[in-house]
Amino acid sequence: METKTPKKPVAPRVDMPCQPAEVRRANFDEVALGYTKEMAIEEATRCLQCKKPLCVSGCPVEVPIRDFIREVAVGNMDAAYRIIKSTNSLPAVCGRVCPQEHQCEGKCVLRAKGQPVAIGRLERFVADTYIATSACEQVTGTNSCALPRGDLKVACIGSGPSSLTCAGVCAAAGIKVDVYEALHEPGGVLIYGIPAFRLPKNVVATEIDGLRLAGVDFHLNSVGGRTVEVEELLETHHAVFIGVGAGLPMFLGVPGENLVGVFSANEYLTRVNLGRAYDFPNQDTPAFPGKNVTVFGAGNVAMDAARTALRMGAESVHIVYRRTRAEMPARLEELEHAEEEGVQFAMLSAPLRFNGNAEMRLTSVTLQKMELGEPDASGRRRPVAIEGEVFDLPTDLAVVALGTRSNPILLDATPKLKQNKWGYIEVNEETGETSIPNVFAGGDIVTGAATVILAMGAGRKAGQEIVRRLLK
């Protein structure tokens with residue numbers, strides 16, 4: 001009787017070193033310290049090199065994951081970088097902030113054993129390790145670029161992940177790109193929204209510098225719909241890409257929300273991140289001080305706000321959520337990091353009103369205890385108030401992180417842009433083109449608040465279509 005050779009057991013996943021929680025909660029340095037070369041090679045050898053890599057189907061920009069990991073496993077980081085850059089314009093960013101557990105790693109066959117290959121960590125290591133020797137390599141991952149075509153020009157409105165990706169695709173094809181950014185620094189949500197302890201500012205700056213060297217021009221303090229308009233740009237450019245995000249905050253709609261001390265997450269994080277309030281007084285942009293901070297919401301933005309408040313000196317930070325921990329949409333890693341750093345959670349609680357003193361300053365929030373009832377239209381169990389169970393939580397700084405909606409400035413100035421019932425731009429799903437010919441859009445202004453990598457996928461799709469049309 002023939003005996004079968006037992007399958008070799010898969011090695012455990014290589015953990016990524018982090019700053020200790022008691023140390024990192026007092027600084028804005030990056031929490032996750034990254035792999036060493038030895039760690040990266042060890043983790044890469046866990047990859048089974050599947051004939052049909054399912055992981056790629058989970059990646060919105062279709063990185064050839066199996067191929068780049070094969071190169072990491074043999075220590076060839078230059079080749080690994082070029083493979084990643086063939087589809088991904090911002091690998092150092094994606095390796096840090098993408099929800100890999102729901103995308104590429106979520107499709108990995110080793111997930112059945114509970115430990116998929118750490119694709120995001122390997123991508124980050126490769127991007128951080130590789131030093132581009134030319135502007136073209138920074139953008140394309142190869143040592144040559146297409147000859148620039150001075151007769152072809154594309155404009156991108158906004159400089160977040162979707163616009164940067166579109167600009168990178170076009171620049172790599174030799175097309176001149178102008179990027180128009182409303183704020184005084186490029187990067188969009190990568191700069192104003194994501195804290196430095198998750199995404200260091202120099203990482204974003206390096207990616208943007210690569211685009212500059214490849215000929216992309218950034219025009220700052222240029223507001224889409226005010227300083228620049230779509231119809232005007234079409235007179236000087238062959239195509240326009242709209243990647244302005246969805247930055248208009250949503251609020252709770254409860255009494256007392258106008259008290260001094262109640263902020264949207266957008267305002268709070270922008271002041272700390274883009275305004276460098278964490279470096280006060282070296283930077284003259286202080287943030288509102290909070291001793292007892294309460295954050296409403298349970299996504300990544302809520303975790304960012306709560307962890308930022310701790311680093312800004314708060315004595316206590318609570319996250320209030322009307323469901324349970326199991327329903328929280330935040331990445332598991334961000335949730336775990338918040339817990340380790342001392343963020344507290346008020347689950348099954350919903351705000352009834354904000355309370356203030358005679359000077360209209362926030363002093364507490366009144367919360368209603370909830371329980372989970374029958375599922376709602378989304379399939380999640382609906383929170384139901386428990387009659388008579390109400391309590392006050394001392395609060396002098398409240399941050400509302402309930403999501404965003406489209407900002408109407410550019411949309412109102414461009415009435416020919418077709419919008420859906422939620423106020424987002426409608427596009428052709430195959431090309432990203434809007435109702436205006438040669439005007440494309442992608443990212444949160446199309447989908448509503450989503451992930452960096454999904455926005456990049458939209459920018460890549462539109463950029464490829466623009467290149468196809470202009471160079472045909």
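Predicted model: local features only at pLDDT ≥ 70, side-chain atom pairs only at ≥ 80, totals over all residues.
Residues are numbered from 1 along each chain as its sequence is written, and side-chain values use heavy atoms, with hydrogens and water left out.

Helix α10 covers residues 161–172 and helix α19 residues 452–471; their axes come within 7 Å and cross at roughly 35 degrees. Axes here are lines fitted to C-alpha atoms, for helices over the stretch in contact, with angles from 0 to 180 degrees between N-to-C directions. Helices (H or I, at least four residues) and strands (E, at least two) are DSSP runs, numbered from the N terminus. On the α10 side the contact (heavy atoms within 4.5 Å) involves P161, S162, T165, C166, V169 and C170. On the α19 side, the residues include V452, A455, M456, G459 and R460. The contact of α10 with α19 has nine nonpolar, five polar and one charged residue. For those classes, Ala, Val, Leu, Ile, Met, Phe, Trp, Tyr, Cys and Pro are nonpolar, Asp, Glu, Lys and Arg are charged, and the others, Gly among them, are polar.

Next, helices α4 (residues 65–73) and α5 (residues 77–85). They pack at an angle of about 170 degrees, with axes 8 Å apart. The two are therefore roughly antiparallel; that label needs over 145 degrees, under 35 is roughly parallel, 65 to 115 roughly perpendicular and the rest oblique. From α4 the contact uses D67, F68, E71 and V72, and from α5 it uses M77, A79, A80, I83 and I84. By class, that contact has seven nonpolar, no polar and two charged residues.

Now the rings. How many aromatic pairs does the structure hold? There are five aromatic pairs, counting rings of Phe, Tyr and Trp (its six-membered ring) with centres within 6.5 Å; planes under 30 degrees apart are stacked, over 60 edge-to-face, and the rest tilted. One of them, Y81 with Y130, is stacked, at 3.9 Å centre to centre and 10 degrees between the planes. Y81 is in helix α5 and Y130 in the loop between α8 and α9, so the pair ties together parts 49 residues apart in sequence. Both Y81 and Y130 are buried, where buried means under 20% relative accessible area, exposed over 50%, and partly exposed in between (1.4 Å probe, protein chains only).

F263 and F288 have ring centres 5.3 Å apart and planes at 50 degrees, so this pair is tilted. F263 belongs to strand β6 and F288 to the loop between α14 and β7, so parts 25 residues apart in sequence are tied together. F263 is buried at 15% relative accessible area, whereas F288 is partly exposed at 24%. Ring pairs also link F28, F197 and Y278 into a cluster.

Last, the backbone. The peptide bond from F280 to P281 is cis, with omega near 10 degrees, and P281 lies in the loop between α14 and β7. E62, which is not a glycine, has a positive phi near 55 degrees. E62 sits in the loop between α3 and α4 and is partly exposed at 48% relative accessible area. N438 is not a glycine either, and its phi is positive at about 65 degrees. N438 is in the loop between α17 and β15, partly exposed at 31% relative accessibility.
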